[in-house]
Amino acid sequence: MRLLFCLLLLAANTLQAQTERKLETLLLMPEPKAMRSAYSIVPAGAKQTVLTPYRESAVSPSGIEPYSQASFAKLGLSVETFAERAKTAADKRLTQMQPELKKGADGRIAYAVYRGESSLFPSLLIAPSLPKIFEELFGKEIWVALPDRHALYVFPARPDILQEFTADLAERYSEDAFAASCEVFSLKVGEEPKVVATFAGAE
C-alpha cells in the first residue's frame, strides 16, 4: 500500500512538472505608439507601432506586463541586448507552433495564421526564422499583420491578396482592448521587420 502511494505521488509530481513552465521574461511586444515606454524600439518605417520589452505575468489580466524602469534595470541588460535575446526566445517558441494554412477562392493557400488564447503571438514578429518557414510557400518576402495579441497573420508580399483582408484586420484592431498594431510588416531572412503598409481606416 505504501509503495502504491509513493508511485501515485511520483506520477502526480511528474505530471505537474510537465504542465508547469517558466514564465517568459524576454518578450518584445508590438503595441500602439501611445503605449510606448522609455525602452520601446521604433521599427523601420513605423508610424503607429513600437516594440516594447514585456514579460509574462501570473497576475496581469492579459497574461503579460511591460517592464517598469525599476524592473528593467534589475535585468542588467541594454535595450539592444534584450532585443537580441528576445529574438532567440521568439524563435524557440516558433518551433513549438504550427500555423493554420487558409485557402482562397482559387483553392490556393492565401495566407497563414498563428493564433490561440496566448497573448504572445505578436512577439513572433521578431523571430528570425519566420520568413524562412514560409519561403517555399510565399517567396523570399512575407507580409505580417498582428491586429491583436492573439494572432499573427502571414501573407505573401502581394497587395491584391492583402487588400481582401484589410477590413477584417482593421475591425480586429479597433475592437480589441489589447490591440497590437495597425501596420503591416515586411519580413525577409536576415533583415529586421519593416513597415510597408497600414490597414488603419480600412473599415
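The model is predicted, with local features requiring pLDDT of at least 70 and side-chain atom pairs pLDDT 80 or more, whereas totals for chains, interfaces and linings use all residues. Residues are numbered from 1 along each chain as its sequence is written, and side-chain values use heavy atoms, without hydrogens and water.

**Aromatic pairs**

- The structure contains 11 aromatic pairs (rings of Phe, Tyr and the six-membered ring of Trp with centres within 6.5 Å; planes under 30 degrees apart are stacked, over 60 edge-to-face, the rest tilted).
- The ring centres of tyrosine 111 and tyrosine 153 lie 6.2 Å apart with planes at 45°, so this pair is tilted.
- Tyrosine 111 belongs to strand E5 and tyrosine 153 to strand E7, and the pair links distant parts of the chain, 42 residues apart (strands are DSSP runs of E with at least two residues, helices runs of H or I with at least four, both numbered from the N terminus).
- Tyrosine 111 also pairs edge-to-face with phenylalanine 165, at 4.8 Å centre to centre and 65° between the planes.
- Because tyrosine 111 is in strand E5 and phenylalanine 165 is in the loop between helix H6 (159-163) and helix H7 (166-175), this pair ties together parts that are 54 residues apart in sequence.
- Phenylalanine 165 is buried, as is tyrosine 111.
- One aromatic cluster is formed by Tyr39, Tyr67, Phe72 and Phe82.

**The six-stranded sheet**

- Six strands make up an open sheet in the order E4-E5-E7-E6-E8-E9, with antiparallel pairing (two strands pair if DSSP finds at least two bridges between them).
- Strand E4 (100-103) and strand E9 (194-198) are the edges; each has a single partner strand, so one side of each lacks a neighbour in the sheet.
- On average, neighbouring strands of this sheet are turned by 30° against each other, direction ignored (axes are lines fitted to C-alpha atoms).
- Strand E5 (residues 109-115) and strand E7 (residues 151-156) run antiparallel and are joined by four bridges.
- Leucine 152 in E7 is the bridge partner of tyrosine 114.

**Helix H3**

- Helix H3 (residues 79-94) has 16 residues and spans 22 Å from its first C-alpha to its last, close to the expected 22 Å (1.5 Å times one less than the number of residues).
- Buried residues of H3 include Val79, Phe82, Ala86, Ala90 and Leu94.
- Among the elements covering the buried residues of H3 are strand E1 (27-32), strand E2 (49-56), helix H2 (69-75), E5 and helix H4 (130-133) (contact means heavy atoms within 4.5 Å).

Notes:
Axes are lines fitted to C-alpha atoms, for helices over the stretch in contact, and angles run from 0 to 180 degrees between N-to-C directions. Buried means under 20% relative accessible area, exposed over 50%, partly exposed in between (1.4 Å probe, protein chains only).
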